[in-house]
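Thanks for making the time this morning.

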Amino acid sequence: MSKLVIVESPTKVKSIKKYLGSNYEVMASMGHVRDLPKSRIGVDIERGFKPQYTNMPDKKALIGKLCDAAANSDGVLLATDPDREGEAISWHLAQILGLDLNEANRISFNEITETGIKAGIAKPHKIDLNLVDAQQARRVLDRIVGYKLSPFLWKKVKSGLSAGRVQTVALRLVVDREREIEKFVSEEYWTIDAKFASGRKVFEAKLYGTAKGEKIEISNEADAEKIVNELNNAEYIVTSLKKGTRTKQPAPPFITSTLQQEASRKLGFTGQRTMKVAQQLYEGVDIEGVGTTGLITYMRTDSLRISEEARSAANGYITSNYGKNYLPEKPRYFKTKSGAQDAHEAIRPTDVYLSPERVKSSLTQEQYKLYKLIWERFIASLMAACIQNTVNAEITADEYLFKASGYSVKFDGFTVLYEEGKDDAENDGGALPEIKEGEALKLKALTPNQHFTQPPARYTEPTLIKALDDNGIGRPSTYAPIISNILQREYIEREKKSLKPTELGKIVTDLMVEHFKKIFDVKFTAGLEVKLDQIGAGERSWIETMNEFYGDFDVLYKKAEKLMDGKRVKVPDIETEVLCDKCGKKMVVKSSRFGKFLACPGYPACKNTKPMPEDEITEPCPKCGAKLIKRLSKKGKKFYGCSNYPACDFAAPGIPTGEKCSECGSYIIKGIRGRKYCINAECPTRKKATEGRAKTNE
């Protein structure tokens, strides 16, 4: 007989079994095995908020296999993910398998490597019931809010809507920002830029103010032109020149929130895509010449701590590849922000010598991109600072003062490898020519420029994640699903990279804030996260926390039900300039499970509908000749379907080209990136193309 080790993901099974050997059997729970029932609230509020857990129906066969394996083993070790969610899954498994909670049957792997697995197996411990209580409190809180307020929205707005304890606060941030933008009154202002020549070199400077150092504000064109006229015949003298150095420090290694932000900026990944790929890198990849191994440490963390072993290995890599001068004089330690759980290290490569180029041939393109980002960020965080030479010049022209600044790199330090991305473009200026105090400069150009003050920018996915993280709303592992959910519910929409609230999103936010202002307050939500942390640390009772929350919530809920009795909020239609072919009215935008479409506002008298203008395809349906329309599947994937559906069932992931496949006679379609291929998944040409892409990725 052998010991049974239960992990969450089947991807880990092979890696862990390889390192543990024949004395262990490894199986996967495939995530949760028990949960609250979907058909009802599943929480007995009157009896101390007792959760009514049930075995998940689709896990019946798996639970049976786990029970049989446990009965035939020498013991069971629960190795679910090392976080609150994983602790709760271990607790549920213990309940199902009849394990003694007083026994040390819980183990944790911070990294899926030989070192990480053997370290975890050597230190079994009891299931942390405080962490279980913290997860249970969050689950019950979210269930009560969701199951009470979602039906409220169905009755008062429309069916299919949802409200969430954290989701609605995230939506509120986006809506509040949009309202700031709508209220913003732009003001005109002007700047004056000059181009000067020093010898053969030209550089730029900006008008700052008077020669006495008083700043000048220019509000209109007439004032700008007046100053330009006064400066046309002026003599430009360098009156002050200050040289110095500045130190630029590297960014810390990634935590969950910063990884999602940087992957969005540099790779264009959504939060969900980032976490999915990071999970793959953590669970293990088959590396040529190495075998299956986890490439990064656990990716759900809010700690900037790294092990001294990892630091030493990285220092050795930096010294051998860049030289000793690329190490800082003293080791650099990053301070984890207050309130962080600090349960795991920062996200880092498990082996710094497995460089991105070393493993590239074994990874998919997106795995390689994300691993490279994580690896470079970690190595750079331990490298020496970048040293820059700076120059600040003041140039006087009669009664006016211009300023110019620039820098040059004295020592590149960590920037030889990596620099953090920015949400807003920054211009630090380039190097200035070798100018001297007292030097007379030649004016090459004097340009007045009109500007208008700008409203605050809309949130993008990385800036919204940063706002949630800065405000202590939710947990890093929840940011990606929160944003995905409010996008799918059509509460917000993407406009290029920005997140913009829809009319539906504004109405839902206004209704929730009007009746549940305290519950969906940013500070209140952040305070609740602190309480959940206190529960996890054993400093607070989860039942006490539930009583405090529900007392306020129930009063507000009953009051809202009474105030909104018999009332319903209408979501205004978005009117377009497209005229209805049948009655001439301006058509409005509607939504269905297939996506947005145009409909006549005269319904039901006029039932005319049209595809959205940008969704119309010029190529006809190859089956019946009708128009093709871009649609969305239930899972949110784009496809092209016949407008004559259901009479014609043609659907394809790409646009038909009008050509036929020479191999099988099916239709040739063109994908998003312009690649042509056969629609028939079993066609030999399709298989050859797939193999070719795999080789290209290698």
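This is a predicted model: local features need pLDDT of at least 70, side-chain atom pairs count only at pLDDT 80 or more; totals for chains, interfaces and linings use all residues.

The buried residues of helix α13, where buried means under 20% relative accessible area with a 1.4 Å probe and protein chains only, are Glu461, Pro462, Leu464, Ile465, Ala467, Leu468 and Asp469. Residues are numbered from 1 along each chain as its sequence is written, and side-chain values use heavy atoms, with hydrogens and water left out.

Helices here are DSSP runs of H or I with at least four residues, and strands are runs of E with at least two, both numbered from the N terminus. On that basis α13 spans residues 461-470 and is mostly covered, with seven of its ten residues buried. What covers those buried residues includes α6, α8, α9 and α14, together with strands β16 and β17. Just after α13, Gly472 takes a positive phi of about 70°.

Now to a helix pair: how do α5 and α16 cross? The axes of α5 (residues 129-156) and α16 (residues 522-536) come within 7 Å and cross at roughly 150°, the axes being lines fitted to C-alpha atoms over the stretch in contact, with angles from 0 to 180 degrees between N-to-C directions. That makes α5 roughly antiparallel to α16, a label given to angles over 145 degrees. Contact, meaning heavy atoms within 4.5 Å, is made by residues including Leu131, Ala134 and Leu141 of α5 and Leu528, Leu532 and Ile535 of α16.

Turning to strands, there is an open sheet of three, in the order β26-β27-β28, with antiparallel pairing, where two strands pair if DSSP finds at least two bridges between them. β26 (655-660) and β28 (676-678) stand at the edges, each with a single partner strand, so one side of each has no neighbour in the sheet. The twist averages 35° from one strand to the next. Strand β27 (residues 667-670) pairs with β28 over three bridges, and Lys670 stands opposite Lys676 in β28.

Leaving aside neighbours within four places in sequence, Asn608 is in contact with residues including Cys580, Lys582, Met587 and Leu598.

Technical notes
Angles under 35 degrees count as roughly parallel, over 145 as roughly antiparallel, 65 to 115 as roughly perpendicular and the rest as oblique. Buried means under 20% relative accessible area, exposed over 50%, partly exposed in between (1.4 Å probe, protein chains only).
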